[in-house]
Amino acid sequence: MRDAATAWVDGYVRAWRSNEPSDIGALFTDDARYRAGPADEPIVGRDAIVAWWLEHADAPDDAAFSFEVIGADGPTCFVQGVSTYRAAGDEPERIYDNLWVIELTDEGRARAFTEWYIRRRR
């Protein structure tokens, strides 16, 4: 399952950089549930996830992302990552620590995705 999680995150990063609806949609099942935060209401369904993603899209080169798959339990995978956003204008570089919980199908699509992110203090 760790290899499947790595492949999924690689696809996520590709979609994050391209903002192509087909790249985004390829990550999720038709009935997937995406939570941008653990207490957030889920965005339900592939089409709704793609629309939400595009509404909140970063520019392709705004950030770098590194990650490690830190565990798996059956279809559920746990990913620890670091998102580093470039400095822009008067705004300094921003770094976020991330924890993702992803439930993958046998086909390698996410049925559920929950993200935690915390901005590092300067």
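Me: Which strand gives the most to the lining of the largest cavity?

Reply: The model is a predicted one. In it, the largest cavity is lined by Trp16, Arg17, Asp58, Ala59, Pro60, Ala63, Ala64 and Phe65. H1 and strand S3 (63-73) each supply at least two residues of this lining. The most, three residues, comes from S3.

Me: What volume does the largest cavity have?

Reply: The count comes to one cavity of 30 Å³ or more. The volume of the largest cavity is about 50 Å³.

Me: Which residues are the closest to the centre of the largest pocket?

Reply: The largest pocket holds about 490 Å³ of space. Its lining has 19 residues, and the closest to the centre are Tyr12, His56, Asp58, Tyr85 and Glu115.

Me: Which element gives the most to the lining of the largest pocket?

Reply: The lining of the largest pocket divides into twelve nonpolar, four polar and three charged residues. At least two residues each come from helix H1 (2-18), helix H3 (46-55), S4, strand S5 (94-104) and S6. With four residues, the element that gives the most is S5.

Me: Is Ser83 buried or exposed?

Reply: Ser83 is found in strand S4 (residues 76-85). Beyond four places away in sequence, Ser83 touches Trp16, Ala64, Phe65, Arg94, Ile95, Tyr96 and Asn98. Its relative accessible area is 6%. The limit for this class is under 20%, so Ser83 is buried.

Me: Which side chain does the side chain of Ser83 join in a polar contact of 3.0 Å?

Reply: Among the residues that Ser83 touches are Arg94, Tyr96 and Asn98. The polar contact of 3.0 Å is between the side chains of Ser83 and Asn98.

Me: What is the bridge partner of Arg35 in S6?

Reply: Strand S1 (residues 28-35) and strand S6 (residues 110-119) run parallel and are joined by four bridges. The partner of Arg35 in S6 is Thr114.

Me: What is the bridge partner of Tyr34 in S2?

Reply: S1 is also joined by two bridges to strand S2 (residues 43-44), and these two strands run antiparallel. In S2, Tyr34 has as its bridge partner Ile43.

Methods. Residues are numbered from 1 along each chain as its sequence is written. This is a predicted model: local features need pLDDT of at least 70, side-chain atom pairs count only at pLDDT 80 or more; totals for chains, interfaces and linings use all residues. Side-chain values use heavy atoms; hydrogens and water are left out. Buried means under 20% relative accessible area, exposed over 50%, partly exposed in between (1.4 Å probe, protein chains only). A polar contact is a pair of N or O atoms within 3.5 Å; within protein, one must be able to donate a hydrogen and the other to accept it, and residues adjacent in sequence count only if both atoms are side-chain atoms. Contact means heavy atoms within 4.5 Å. Two strands pair if DSSP finds at least two bridges between them. On a 1 Å grid over the protein atoms alone, a cavity is a set of points where a 1.4 Å probe fits but cannot get out, and a pocket is an open set with protein on both sides within 12 Å along at least five of seven lines; lining residues have an atom within 4 Å of a point. Grid points are joined across faces, edges and corners, and a volume is the space filled by probe spheres set on the points. Ala, Val, Leu, Ile, Met, Phe, Trp, Tyr, Cys and Pro count as nonpolar, Asp, Glu, Lys and Arg as charged, and the others, Gly among them, as polar.
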